[in-house]
Structure formats: C-alpha cells, structure tokens
Protein chains: 2
Amino acid sequence: MIDRRSLMLAGAAGLVLPGVARAADLKKVRAAIDTQLPDNIARIQDWIKNPGIAAENFKMEEACAYSMGLLKDAGFQTVKRMPTAGHPGIFATLDVGAKRTMGIYFMYDVKQVNPDEWSTPPFAARIVNKPGWGQAIVGRGAINQKGPQAAFLAALHAMRAAGQKLPVNLVLVAEGEEEIASPNFRDVVTDPQVLAALRKCEGVIIPTAWQARNGAVSINLGAKGAVEFELIASGERWGRGPQGDIHSSYKAMVDSPAWRLVAALKTLVSDDGNTVMIDGFRDNIRPLTAREKELVARNAAGASEADVKAGFGVKVWIDDLPFPQAMERLAAEPTLNIQGLVGGYTGQGGKTILPGRMTAKCEFRLVPNQTKAEVLEKLRAHLDKRGFADIEIKVTGGYGPTETAENSRVIRAQQAVYARSGAAATLYPRLAGSWPGEIFTAPPVSLPAGQFGFGHGSGAHAPNE
Amino acid sequence: MIDRRSLMLAGAAGLVLPGVARAADLKKVRAAIDTQLPDNIARIQDWIKNPGIAAENFKMEEACAYSMGLLKDAGFQTVKRMPTAGHPGIFATLDVGAKRTMGIYFMYDVKQVNPDEWSTPPFAARIVNKPGWGQAIVGRGAINQKGPQAAFLAALHAMRAAGQKLPVNLVLVAEGEEEIASPNFRDVVTDPQVLAALRKCEGVIIPTAWQARNGAVSINLGAKGAVEFELIASGERWGRGPQGDIHSSYKAMVDSPAWRLVAALKTLVSDDGNTVMIDGFRDNIRPLTAREKELVARNAAGASEADVKAGFGVKVWIDDLPFPQAMERLAAEPTLNIQGLVGGYTGQGGKTILPGRMTAKCEFRLVPNQTKAEVLEKLRAHLDKRGFADIEIKVTGGYGPTETAENSRVIRAQQAVYARSGAAATLYPRLAGSWPGEIFTAPPVSLPAGQFGFGHGSGAHAPNE
C-alpha cells in the first residue's frame, strides 16, 4: 500500500538509526518525498515490470543490470556486479564520511508466477483499489521485495533533493537467488572486499513493509533456516528398476523407483509426519529460552486464533495443540516439509507406466544451533544406513537459522524508531519463515541482522501480491 | 508393418475359424485385397487422423461416429450407438445366415500422446521406412488398435468384392473407453439385445498384429485384470492440515496431507515395494497350475533375457530372480504399481508451500480368482483399519482377470489357423498386460475370448507407435 508516510519511513528509518535527525531537516525530506511521489511510485512499477526469476533462469542478467542502475541513480558511489557460480550478486557503497555504517540487504529476483491465478497480469504492476486500504500496486515483487526496497531508495532520493547528508554510510549487498534459497550468496559476502566493508557495519537490515492495518509491527530476533532439496529415486542410480518408464504390467518382475522413494521418505518422519526422525537431527537443537517462550506467549495472546485458522483453512493444529502451544511449536520445532511430489504420469486419469524416476521436493526449516551442512550430512547418513545410498539428495539452496540479540544496538534502535513513529512494536523471538540472514549473523560476518521498515503489503509468493 | 499378407490374414483369420475356406475362393479374396490395398492403407491412416482420447475427453463423439461409419462401409447391417454413463459403445451385427457366429471386440479410443516425444506428428499417420521391416504407418493407434481392426475390416471388404459369403455371422461390440480401463463397457455388453446376440457366439476375438519378425505368435489363454485408481490425501477430507496450499514455514504447527499420503502408501506394499500387503489381498489367488508353469517355462526358454533386459533398461529382476522365475512371477503375481505421484509444487526448483492435497496414481494388476470389487473393498478396509479413512480412493476404471480354457473351440481353431499359415504359435498362460476380456469371459456372457491375428507392429502407449 502506497502512501507518503510508508514510502518515507520505510526508507528513512534505517538511516536514522544512529541518531535522531533534526525536525527541520526531516521536514525538508518530507517535502521532497511529496514532490517525488509520482516518480517513486513509477520506480516501483517499473522495477516490477523488469522481473528476473532465478528458479526459471528468466532474464536474470537484465534484472541484475536494471537493479544496479537503480542503485546508481539513488546515489551509490560504487555499484559492482559480483559474479558467482550462479546468478550474480551486487555490492554497492555510499560513503558520506559518517561515523557509523549500516549494512543493507537487497534481492533482485522474484518468485515464479502462474498468471492464470492473478486478477491482473503479474508484471503489469497495475494500481488497483484495495477496499479498506486504498490504492495499491499489484504485481510480483510488490511486497517481496521491490516495494520495500524501492521505498528505501526513495528515501535516498528525497534526502539528496532536500540537500541532506546521510547520517550513516551504506554498504549494500544484493543477490538474485533469494527465491531459490541463496545457493551462492555466501560467496558474495565473503569476497574480501565485501567482507571488509561489511565488518565496518553496525548490522544489516532487510527493508520490509509488514505493518498491520493498525500500524503494529513485529521485531524479529531471528529466523529459522531453510534448506531446499530434492530426493530422487531412479533406476539409473539404484541399479534396480527401469532406466526410463516401462509398461506397468512388468511391475511383477521389475522393481519400482516410486515405491523406493515412498519407503525412503517414510523413514524420515514420525507416523504423523510431524517430527523429523533423521538420526541425530535433534542433537544440536537449542530449546527456547524462558524469555523466548514469554515473547511467543505474548504474541499468541495478541493474535486471533480464529483469524489465523481461517487464513490457513486449518481446523486444528498439530496434535490438537491449543493456540499458544501451537505458536510455541512454530517457533521451536525444526521441520521437514514436502513441497511437492512429481514423477511418472501426472496428467488427467491414468497411464499404464512403471516410472523410472520419482522426485520429492523437500525443505528443512532449522532452528539454532542446527546448520545446513550438519542436517544434510545427517540426512545422507540416515539414508545410507537404511540401504538407501542410491537416493539422490539434490540440494538447490539454503542456509541455517539466524539470531540477533534483543539487546543489540540494531534492535534497540529499531524499537526507538518505531516508538517515535507511534508504531506498536512487538518482539518476536524467531520468524518461522526464512531469509538468508545467517549469512550475516554467522561467522565470518557476525553482525546483528533483521527485518525493518514501515508500510503495508501482502501476498508474497502468492497470486495478486 | 503393412503388407498384403498381414492385411489379409489378420482379417480373414477370424472368419475362417469355423471351417476351411476353399482354395479357389481364397484366391479370389487375395486378388481383391491386392486391388484394394491402397484403399485399405488409406483407411488405417484416415482412422488414425480421426482420434478420440477418452482420458482427455477429446473428440469422443466424432471418433464414435467415424468408427460406426467404418463398420457400415464394411457391410455390417445394424450399427448402433450404445449410450453409457461415459462415452458411447457400439453394437453391430452382420448376419449372413451362417450356422456359427463369432464375437468381435473393437475399441475406438487411443492413448494420450506427447507430440514432443514423436519423430512424426502422432495423428499424421505418415508412412515411414522402418529399417529391417519396410514401410510402416507411424501414428497413435497404429498397433493399438486401429491397424489390426482396419485389417479385419479390409478382409470384409475383400470378401464382398470377391463375391464371397462370410462363413460366419458377426456380432461386434466396441467401446471408446478401453484406455481408461473400460469403466462402462460392462453396461454395453449386458444390454439385453447385445447380451442375447453375444450368447450365440462361439467366442470373442480382439484383432491383434503381434507377430514376431519370424512370424511367431503367442496364443494367450488369459490376461491379468487391471484396476486404475487414485489415492488422494487432502486437508479437506482429513479435517487436518490446510484446505489449500499454505506457506511451508507453518509445517511446524499444521499437519501435512503429503506426509499422510506417504504414510498410507507405505502400508500397502512390502519394504521392497514388490509384494502387496493389503489385508486379505492374497486370499483368492489361484496359484499357477503345473501346466501353466510348464507353458511359462517354455516361453522363457524361447526368449532372450538379454534382449528383454535391454528393451526395459533393466539390469536385474525383482529379488535378483533368474529369468525363468522372473517370467513365472510375471504371470503369477498380482501387483500394485505407482503410475505417478503428483501434488504441491511440481515445477523447476522449489517453492515454499505446504500442499493441501497430494495424489498417487495407482494400478492393481489382478490374477484369477481376484475381482475388481474384492480388491477395492479390501483396500478400503485396509486403509480404514489403519486410521486412513480420509484417504480418498478414486477409481477411474478397471476389470478383473480373464481366462480361456486351452481346449476351448476358439483356442483350438486359432492353433489350426496359425499352423495352416506357417506361423509358429506358442501357448502362453496369462498376459501380464490387460484387456477387458473379463467382461466376455465372466458371467453373464461367459464366452472364450482372446487376442488373434497376423501382422507386425509395436509402440502401444509409447511414442512413434
């Protein structure tokens, strides 16, 4: 949802962390934002109209170049394309000789779309009336992440137009593979030049626009990690069953990779599918602290269980848990989810084949102190030990969990800015969703990192974003 | 593969079952076939160019009407469209006042195609050179079943042109749902008028063109039954998990229909996926008789294991069985096969969703004396007993196994005709593939029934048929 306040604050907030800007200066900035509003809205729309979709390798170079152009326009002095084994990252700096430096994280890729599910074309970025909210941009990336990022850039444009010097230096790192779980982003931030720049930062902020309708906002003290992978059973690797698809009547004499995948999957979770049963998977889980439990309980008490259930189309929580316990499980429990099963005949009706290959698209969500490398190693060992050495684990991306201390300077600054702006801010210990914050919070970068910003939006990964 | 001999014999063979035609008359028929050869080839091509695909509800009425026209052209006196709950059947008669009557089974639907996999368009019916074979029609239905059926019709055209009276009356029943497992064909044959006509028949023949390159052919004494169904887990029916797809991070508090399906599937088969473990599933299995085992062993001895393995891309048989035992298992063992798994995100890479619905496309192959109703009942009871009452069983079609006695008149006549034509015929106890023969061999029709014919072809259900 676009209004002057959102645009301004989402961007400006990160900049005023280290000190309170003078009221007269802020007034000039606000005036510049008013003048620039049409340009700022057009910038969001135009960014949405220039999508790059990493999962489909769709126009990624163009999207990278376009995003680099936006950074240059906003005043970044160095904007560098950072090649990786996949799609390039971006490293940009804006040095104003300030005492402190803030790290900013951008992504320039967006999630895939199914245009049939959208009421307006996903890359048309049309402005529509959202009853109860007003005018809003609808398009893939509107909330995740082009809207909030463009709001941040709008603040830079406004400060420049208002003749205001930034109170902090900026180090910006961006990637084009966030939606495929950041397989190469660690390589970008550990580039010696980038790492040296990041180490000067107070912390790293990813701009967000997650305010509730009443302006309330959560400050997340961390997020689960996410690791995406495919488990693939095939006659080719198994040495049993067919190389390709054969007529299904031969099932009586030929082994089935599909049944093999089912058998392997079944060993990974409890009978109800809710507890990961991989050998040693729980070894490094740090249980929630008393403080974290208290924060979850406070959040649960402030939410409407009926609304949450209606939003999900869910009647009961796992194990018929009461809402506060379900919310605690959401924060505390690592998961193994099946995103999709696909293989063999997938069209209408049936087809008499014995498929030579079957795939489960899976995803771990990890909690501290689990790591991506650790759980993948344990998954491999678990399968091997049960005779499933042939089941391929094809990792498509991922990162571990992230944590930022409640008393860190970045969190305290967020609380101060929200309070000054009249936005009720609730601390939340751990986002169940994931972002590659671990790349900042873990060594060698080791910085506080988290979401921050003002504004409204919804529909990340969904139609009519 | 098209040659004069195939076209003639495939059709004529069925007709000469009751008695040996005089040599002079056969000579006239052969001459007529020579004259009509271009028309006969064009008829196959044109039939292929007019496809009906039941699985996709594609042009089924047109395909039915087209096929009825072919029957009228070939001399059938009555040709009647038989409405069903699905796509219509056809009932046709050709009464020449002969002493005996033969039943003929046709299908007018074809299997789905993926044109990308074909070297020529699947419905272009092009004539291409097949090295080692000569000119052949390539198209969906060329072998299954338009080629063999058109050859049968060609024989009727030739006999009429040669002024020859058929030695038998014909009762022809056809369906348009063979490729979706004949969900409504029983209703067609048990129509009082059709049933009365079929009861006058010696048996029922489905035309085939399955000769080996050296002319050898199998006489099958039966076939396994096939039952196609989907197993569907959904939040909607389960009352747990989401109604639709939700963000995967909520797996920690929301149940997963995908994991539920995996758990249910795992109970249905042994760990190796090769033995059906449904309660009571084996109760009515009649083991192979000593004679049947002897026939299987004789066939295995005549086949090249290396060729069969190469054809399937298979290195080892189930349980590392030697070839003769693997072939015996093929004839003896009922199966539960997964044709495909589909649900959630099935595109490139991953997508962070917890799917609300997951489907396994499955298929039973049954042996005497199992029945379709019996195994579906046992599947339901098995799932219910284990708490999976919510798993939907969506049956898309099927029928039980079929058996025809080795000493029946139809089998003896087949052996005589093959012998007279110099085609080495081997008895085979039970085809692992399936056809709706049970509808003829089981009450109330209770006739011998089986495949019969001359000619060559391959690629049923595959590209470049």
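Predicted model: local features only at pLDDT ≥ 70, side-chain atom pairs only at ≥ 80, totals over all residues.
Local features are reported only at pLDDT of at least 70 and side-chain atom pairs only at pLDDT 80 or more, whereas totals for chains, interfaces and linings use all residues. Residues are numbered from 1 along each chain as its sequence is written, chains are lettered from A and ligands numbered from 1 in the order in which they are written, and side-chain values use heavy atoms, with hydrogens and water left out.

In chain A, an unreviewed UniProt entry places the feature "domain: Peptidase M20 dimerisation" at residues 245-387. Positions from UniProt follow the numbering used here, feature names are shortened, and annotations may be inferred rather than shown by experiment. Helices (H or I, at least four residues) and strands (E, at least two) are DSSP runs, numbered from the N terminus.

Two packed helices are described by the angle between their axes and the distance between the axes. In chain A, helix α2 (residues 23-48) packs against helix α3 (residues 60-73) at about 160 degrees, with the axes 11 Å apart. Axes are lines fitted to C-alpha atoms, for helices over the stretch in contact, and angles run from 0 to 180 degrees between N-to-C directions. α2(A) and α3(A) are therefore roughly antiparallel (angles over 145 degrees; under 35 is roughly parallel, 65 to 115 roughly perpendicular and the rest oblique). The crossing of α2(A) with α3(A) is left-handed, that is, the near helix is turned anticlockwise from the far one by less than a right angle. R43(A), D46(A) and W47(A) of α2(A) make the contact with Y66(A), S67(A) and L70(A) of α3(A), where contact means heavy atoms within 4.5 Å. By class, 3 nonpolar, 1 polar and 2 charged residues take part in the contact of α2(A) with α3(A) (nonpolar: Ala, Val, Leu, Ile, Met, Phe, Trp, Tyr, Cys and Pro; charged: Asp, Glu, Lys and Arg; polar: the others, Gly among them).

In chain B, the axes of α2 (residues 23-48) and α3 (residues 60-73) come within 11 Å and cross at roughly 160 degrees. The crossing of α2(B) and α3(B) is left-handed, and R43(B), D46(B) and W47(B) in α2(B) meet Y66(B), S67(B) and L70(B) in α3(B).

A326(B) lies in helix α11 of chain B and counts as buried, at 0% relative accessibility (buried is under 20% relative accessible area, exposed over 50%, partly exposed in between; 1.4 Å probe, protein chains only). Leaving aside neighbours within four places in sequence, A326(B) is in contact with M253(A), W317(B) and L321(B).

Most residues other than glycine have a negative phi, and most peptide bonds are trans. A cis peptide bond joins N144(A) and Q145(A), with omega about 10 degrees; Q145(A) lies in the loop between β5 (134-138) and α4 (146-161) of chain A. Another cis peptide bond joins P368(B) and N369(B), with omega about 0 degrees, and N369(B) is in the loop between β14 (357-366) and α12 (372-385) of chain B. N464(A), not a glycine, has a positive phi of about 55 degrees and is partly exposed at 25% relative accessibility.
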